[in-house]
Amino acid sequence: MLSGDPVVLGTLTLPGVPRSVGYARRFLRDLLPPGHPVLDDLMTVGSETVSNAIAHTASGEGGWVTVSLLGGAGFCTLEVGDDGAGGGRPHVEAESGDENGRGLRIVEALTESWGFGRTETAPSCGRDSARRADSDRKHRQGVVATLPDAGARSVRERRTMSVPAYNTVAWFQVGTEAPEEARRFYGDLFGWRIEVDPDGDGYDMISYPGADRRSGGISYEADASGRHAMFLVMVEDVDAVCAETERHGGKVALPTVTASTGLKFAYLEDPAGNTFGVFSPAAG
C-alpha cells in the first residue's frame with residue numbers, strides 16, 4: 001500500500017448478480033465529491049473488477065462481492081473481495097480478438113498499480129501485495145489510483161461530516177404515480193438535485209444544493225392510492241423499533257423489508273395515524 005494513513009471511506013456487500021455492478025458504481029460515485037479528478041476512472045475500475053468477480057468466481061454462483069474504498073495521503077485504494085475461484089486468481093490475459101480478459105487490461109491501464117492477495121477469512125490487496133494463505137476459496141483483487149493530496153483531504157473531511165447519527169431523521173421519501181411531475185415541482189421550488197433512476201427500479205435520489213450526500217428519494221407508485229410524503233429515521237435495529245412502536249401505542253404499517261443491498265426498512269404509524277419510516281443501512 002502507498003505511504004500515508006488510509007481512511008476507510010465506505011464498504012458495501014452485494015449479492016453476486018449482474019445488477020450489483022450498477023449498485024457498486026453508484027456507491028463509489030457517492031464516496032467522492034462531484035468533479036473529483038479520478039471519479040470517472042474509479043467508477044470504471046469498480047465496474048470492471050466487480051463484473052470480473054461475478055463472472056469468474058464463486059460469487060456469481062449465489063455468493064457475495066464486497067467493495068471497499070480507502071483514501072490516504074495522495075491516493076485511494078479500491079478493494080473488491082469475492083468468494084474465490086477454486087485456486088484461480090485475477091490476471092491479465094494475452095491480447096486476443098475476443099472480449100474475454102479485457103476488463104483487467106482496462107484496470108491496469110487506468111490505475112497506478114493493481115495487485116492480488118489471499119487470507120483465510122478476509123481478502124486483502126494493494127500495491128506490492130504479497131500476503132498468502134492456504135485457503136483457495138477466498139481472494140480479493142484490488143487496484144490503487146493516485147489522487148491529488150488536496151482531493152484526498154477533501155474526501156476525508158466530507159465523509160466524516162456527512163455520516164448521520166442513529167435515531168435521527170436521516171432520509172425522506174415522496175411517493176407518487178407521477179415522478180416526472182414531482183421532479184419538476186421539488187427541483188424548481190427548492191433547487192434540489194434529482195438523479196433519475198438509471199436502472200429502472202422506480203426510485204430517484206434527491207440531494208440538496210451543495211450537499212455531499214443524498215438526503216431523500218422519489219418512489220414510483222402504481223396509482224394515486226400510493227401517494228405519500230414521509231420522513232425516515234435511521235435506527236440500529238428495525239425489528240426492535242417495530243416492536244417498541246406497538247408497545248408505545250403505534251402500529252406497524254409495513255413490516256420489515258430487506259432490500260437486495262442489505263438495507264432494512266419498515267413503515268410505522270404513530271398513535272394519531274401519521275405514517276413514517278425507519279431504516280438501518282446495510283451491514284459492512
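A polar contact is a pair of N or O atoms within 3.5 Å; within protein, one atom must be able to donate a hydrogen and the other to accept it, and residues adjacent in sequence count only if both atoms are side-chain atoms. The model is predicted: local features need pLDDT of at least 70, side-chain atom pairs count only at pLDDT 80 or more, and totals for chains, interfaces and linings use all residues. Residues are numbered from 1 along each chain as its sequence is written, and side-chain values use heavy atoms, with hydrogens and water left out.

Ser20 provides a polar contact. Its side chain reaches the backbone oxygen of Pro15 at 2.6 Å. Ser20 lies in helix H1; helices (H or I, at least four residues) and strands (E, at least two) are DSSP runs, numbered from the N terminus. Ser20 is buried, at 3% relative accessibility. Here buried means under 20% relative accessible area, exposed over 50%, and partly exposed in between (1.4 Å probe, protein chains only). Leaving out residues up to four places away in sequence, Ser20 touches Leu14, Pro15 and Ile54. Contact means heavy atoms within 4.5 Å.

Beyond four places in sequence, the residues touched by Val67 include Leu28, Val50 and Leu78.

Val278 sits in strand E13 (residues 275-280). Val278 is buried, with a relative accessible area of 2%. Not counting residues up to four places away in sequence, its contacts include Leu232, Val241, Phe265 and Leu268. The C-alpha atoms of Val278 and Asn167 are 8.9 Å apart, although 111 residues separate the two along the chain.

Ala229, in strand E10 (residues 228-234), is exposed, with a relative accessible area of 62%. Its C-alpha lies 5.7 Å from that of Gln173, which is 56 residues away in sequence. Apart from neighbours within four places, Ala229 is in contact with Gln173 and Val174. Leu189 lies in helix H5 (residues 179-190). At 49% relative accessibility, Leu189 is partly exposed.
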